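Please examine the model before reading each solution.

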Amino acid sequence: MTHNDDSFATMLLMSQITPQREELVRPLSTGEWHALHAQVRDQGMAMGELMGMDMSGMMMRLGLSEGEAYRLCVLLGRVLPLSMCLERFAQQGIQVITWGQALYPVRLRQRLGDKAPPMVYVAGRPELFRQDAVAILGGKGGQGQEERVRALARMAVEKGYTIITDGAPGLSRAAQDEARRQGGRTLEVVSGGLAGRVEEADMAACLGDRSGAALALIHPDAPHTVSHALERNKCLYALAHAAFVFGVDQGRSAAYQGVCQALQRRWVDFLYAWDDPASPDSQALLAKGATPMGEITPQAFDRMDRAWQGATARQMSLFDRDMPLA
């Protein structure tokens, strides 16, 4: 994949060259990149022009301090090591997509605004992240939950929805498996280890037949951590028209915090949680504003689908509608 100067500058400013964060200076955070992007735009410039500027030019043109300009110059000077990283990622089937590129997931820009990641790592077809999708999430679940999840996945696939999950063992993997059995599309938003995940048999199979894709916000070799999962959650929900949660533990778990943040920050318009009167975890999510969910019949799913599509029609222009699959 070729990158223009704006895209390459974003990668230089944001990328970790190693998963251990062994950098001379710290790459920009999401918030720092968006602030810089606004400064550059206000000066009538493009991000790619930063690569041709020295410290004094940045200080004069953008009003940066000496320390800020030095940091940017060091980051923008990592052309060779970044190019080597991109070549290795490409050999693994992983590409980097940045904010201004046509393949960047449009729903992230729309739902998250200046909280959206300026760059993402993608394995598989990035076009899949522009398709209508529902998220199905859950841990082990209670009695009968796996069959409910599989039934929901079948109904969603029949309606043409892509299934998004966090790839966690249990109900999320069951949803993925059922979608693939039905010939549907799957997306996985990982919180670490993307390079290893693409080599696992189930993911390799769906990448091979072009029915699935995976996305990460961090270096493909970086491991799963709670902080990575918390950052990942906003994309997991923002990519979906609706999200179904089949049981997550309360407390400080990343999954539970993700549901709470999705409700509070409206990362997704429709968020359903399993209504189990005997489960304190379930009742806590409902108290925070999740829509109670019981057994979902095809008729009930049809009503949900109409509500989602109506909301989408109001939010998206014809220009931003999902790209057709090739």
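**Salt bridges in a predicted model**

Glu-295 is exposed, with a relative accessible area of 55%. The structure is a predicted model, and a search of the whole of it finds 19 salt bridges.

**Exercise 1.** Determine with which residue Arg-148 forms a salt bridge, and which parts of the chain the pair ties together.

*Solution.* 
1. The partner of Arg-148 is Glu-295, and the closest N and O atoms are 2.6 Å apart. This lies within the 4 Å cut-off for a salt bridge.
2. Arg-148 has a relative accessible area of 23% and is partly exposed, while Glu-295, at 55%, is exposed.

**Exercise 2.** Identify the salt bridges that Asp-202 makes with Arg-180 and with Arg-197, and classify each residue as buried, partly exposed or exposed.

*Solution.* 
1. Asp-202 meets Arg-180 in a salt bridge, with an N to O distance of 3.6 Å. This pair links distant parts of the chain, 22 residues apart: Asp-202 is in helix H10 (residues 201–208) and Arg-180 in helix H8 (residues 171–181).
2. Asp-202 also meets Arg-197 in a salt bridge, at 2.8 Å from N to O.
3. Asp-202 is partly exposed at 28% relative accessible area, and Arg-180 is partly exposed at 22%. Arg-197 is buried, at 5%.

**Exercise 3.** Which residues are linked with Arg-150 in a network of salt bridges?

*Solution.* The network links Arg-150 with Glu-146, Glu-147, Arg-154, Asp-177, Glu-178 and Arg-181.

Technical notes
Residues numbered from 1 in each chain as written. Predicted model: local features only at pLDDT ≥ 70, side-chain atom pairs only at ≥ 80, totals over all residues. Heavy atoms only, no water. Salt bridge = Lys/Arg side-chain N within 4 Å of Asp/Glu carboxyl O. Helix = DSSP H or I, 4+ residues; strand = E, 2+ residues; numbered from the N terminus. Buried < 20%, exposed > 50% of the residue type's maximum accessible area, 1.4 Å probe, protein only.
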